[in-house]
Amino acid sequence: MRRRRSNNDNDADNQNPQPPKSNPSISQFSQKRIFAFCLAFRILNSLLIQTYFNPDEHWQGPEVAHRIAFGYGHLTWEWKQGIRSYLHPFVFVPLYRLLALLHLDTPWLMMRAPRLLQSVFSAVGDLYLYKLSAVLFGDHVAKWALFSQLGNWFMFYCFSRTLSNSLETVLTLVGLYFWPCMRSSGECSSGSRKWGLVVAALACAVRPTSAVTWLYVGLLELLKAHDRLKFIFLEVAPIGTAVLGLTCLLDRFMYGTWILVPLNFLKFNFLSSGGDYYGTHKWHWYLTQGFPVMIFSHLPFCIAGIISSKQWKFAGLLAWILGFYSVLGHKEFRFVLPVLPISLMFSGYSLAVIEDPGSSQNKGKVSSKKHTKCPPKMKVAILFLLATNIPMALYMSLVHQRGPEDVMNFLAREALDGKVKNILFLTPCHATPYYAMLHQNLPMQFLDCTPSEEKGVPDESDRFMMDPVSFVTEYAKNWSSPSHIVLFDSEEQKLKNFLFSFDYREEKRFFHAHFKVDRDLQASIVVYVRIR
């Protein structure tokens, strides 16, 4: 938390470089311009995302929404065990119904529309990062914080995807802006904390793990509150109960029975380590690999910004989240996405100091000196960040692992023309989008990967990957021959003779990746068609 300045702060000002700080209030006109710019950027961002990152982007959001809106779509095992709330998928339901009403539910729009909607939310997140940075440090830092956010490769790659983590990140930024304990004292209205509580509760409803963030923030607010009992029983409890109650009503309506999703989520992911079924990493993975990859070349600027800004509450939040998730066995990049903008805010602070290193003498006021030229160090820093992040963002968004989206777009067009009867996916489970992108009510099958209650028992997907020929030979005894089979080239080589024996021929091949990630190299994804 940033203290109000007094005469006793002069020595500290002289020792620590500070960027110029202006009036933190942003005019409505400026907000609209910033939002318009961020929205245009995120729309372009969403259109440039043409690759497959994580199955949950499709299977836990748009796929469920498609089932609600159109009456068909697949529900994964998580929905049968009640560890997912319908709140996040419901965001996309009105969009799908609007497209159907206007007869705009074409293959291209069905693929793009959900990400375009998420790009609107992402632009809101960008705006609130700017507003939060302006409150803490002033407009000058806010400008560079926004630059860091828009220029970070992982935010470009992930923020406009339809993951619940993306919406959680937006809500985290909005909520942090409203919480008094995370801002300078005296700069919040009386209702600010209540709005912060509402947004925090929504974030937890969208993704229960967000409670880790708000536990930290809530404890800080509790330590600061003059009347702690009032804060707990007249603010936290009523607002949390109201949001949880409304979410439970929605889930009761959709599941057909009363169910407490956060409790089921907690039991599976934390108490039983159910997430470990999908792989584990060493405890230090987030610190040594995961988060450094996400923040990438902004890392040294982030560290410098933390040290020079002395905003220890936000640095503590960053350390708390990375520390907490390091304890869990199952780790993914997206789990710590909500704190990536905080680290990029510190990067923006560092850039502001580089641009105006003499601003520490201004005691928080805007320098009267007009900078007509960008300092050489600043030019180097900007060029370095752009040169390292832009190629990475474009490669990961346009090239790496684009096969699943290309193949589903192709199949959607073929199905629209009546050329597809049924499809079998001989791939690792959830390796492609599904009905939400095909948008045709055709029979489809994929290899199941529901976690077994008995440890060590391989699922269908595992058995296929271990021995594709034996698995498919047995599988074919009970199948109704599909008109189309989709598989990766790594398994195609082993199954060619089998496919030819059942009169399948290659129809279309799509590039997938240049290098392997967690399996053998899957360079392309192939569609086989039965010729008779």
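Guide: A definition to begin with: the expected span of a helix is 1.5 Å times one less than its number of residues. Keep in mind that this is a predicted model.

Visitor: What span is expected for helix α20, residues 376–398, at 1.5 Å a residue?
Guide: Helix α20 has 23 residues. The expected span is 1.5 Å times one less than that number of residues. From the first C-alpha to the last, the helix reaches 33 Å, close to the expected value of 33 Å.

Visitor: Which elements do the buried residues of α20 pack against?
Guide: The buried residues of this helix include Met378, Ala381, Ile382, Leu385 and Asn389. An α-helix has 3.6 residues a turn, so residues three or four places apart point the same way. The partners of the buried residues of α20 are α2 (28–48), α9 (139–151), α10 (153–158), α17 (299–309) and α19 (340–355).

Visitor: Which residue with a positive phi follows α21?
Guide: Helix α21 covers residues 403–416. After α21 comes a residue whose phi is near 80°, and that residue is glycine 418.

Visitor: Which residue forms a salt bridge with glutamate 405, and is that glutamate buried or exposed?
Guide: Side chains of opposite charge can pair when their charged atoms come close. For glutamate 405 and its partner, the closest N and O atoms are 2.5 Å apart. The pair links distant parts of the chain, helix α21 and helix α8 (residues 107–137), 290 residues apart. Glutamate 405 counts as buried because its relative accessibility is 2%, and its partner is arginine 115.

Visitor: Is arginine 115 buried or exposed?
Guide: The cut-off for buried is under 20% relative accessible area. Arginine 115 has a relative accessible area of 2%, so the answer is buried.

Visitor: What about glutamate 506 and arginine 509: how far apart are the closest N and O atoms?
Guide: Glutamate 506 counts as partly exposed because its relative accessibility is 39%. Arginine 509, at 35%, is also partly exposed. These two residues form a salt bridge, with the closest N and O atoms at 2.8 Å.

Visitor: Which residues are linked with Arg84 in a network of salt bridges?
Guide: A search of the whole structure gives 15 salt bridges. One of them joins arginine 84 and glutamate 78, at 3.9 Å from N to O, and both residues are buried. The network links Arg84 with Asp56, Glu78, Glu332 and Arg334.

Visitor: Arginine 207 has no salt bridge; which side chain of opposite charge is nearest?
Guide: Arginine 207 sits in the loop between α12 (192–206) and α13 (211–224), and it is buried. Its contacts beyond four places in sequence include Arg84, Ser164, Phe265 and Arg334. A salt bridge needs the nitrogen and oxygen within 4 Å. The nearest side chain of opposite charge is 4.1 Å away, and it belongs to glutamate 168.

Visitor: How much space lies in the largest cavity?
Guide: The search finds 4 cavities of 30 Å³ or more. The largest cavity is lined by 14 residues, with Arg84, Ser85, His88, Ser164 and Val206 nearest its centre. Elements giving two or more residues to that lining are α6 (87–90), α12 and α15 (261–271). The space in the largest cavity is about 120 Å³.

Visitor: Which element gives the most to the lining of the second largest pocket?
Guide: The second largest pocket holds about 870 Å³ of space. Of its 35 lining residues, Ala200, Cys204, Pro208, Ala211 and Trp214 are closest to the centre. At least two lining residues come from each of α12, α13, α14 (228–255), α15 and α18 (312–327). With 12 residues, the element that gives the most is α14.

Visitor: How far apart are the C-alpha atoms of cysteine 181 and threonine 473?
Guide: Cysteine 181 lies in the loop between α11 (164–178) and α12. This cysteine counts as buried because its relative accessibility is 0%. Cysteine 181 and threonine 473 are 292 residues apart along the chain, and their C-alpha atoms are separated by 62 Å.

Technical notes. Residues are numbered from 1 along each chain as its sequence is written. This is a predicted model: local features need pLDDT of at least 70, side-chain atom pairs count only at pLDDT 80 or more; totals for chains, interfaces and linings use all residues. Side-chain values use heavy atoms; hydrogens and water are left out. Helices (H or I, at least four residues) and strands (E, at least two) are DSSP runs, numbered from the N terminus. Buried means under 20% relative accessible area, exposed over 50%, partly exposed in between (1.4 Å probe, protein chains only). Lys and Arg count as positive and Asp and Glu as negative; His and the chain ends are not counted. Contact means heavy atoms within 4.5 Å. On a 1 Å grid over the protein atoms alone, a cavity is a set of points where a 1.4 Å probe fits but cannot get out, and a pocket is an open set with protein on both sides within 12 Å along at least five of seven lines; lining residues have an atom within 4 Å of a point. Grid points are joined across faces, edges and corners, and a volume is the space filled by probe spheres set on the points.
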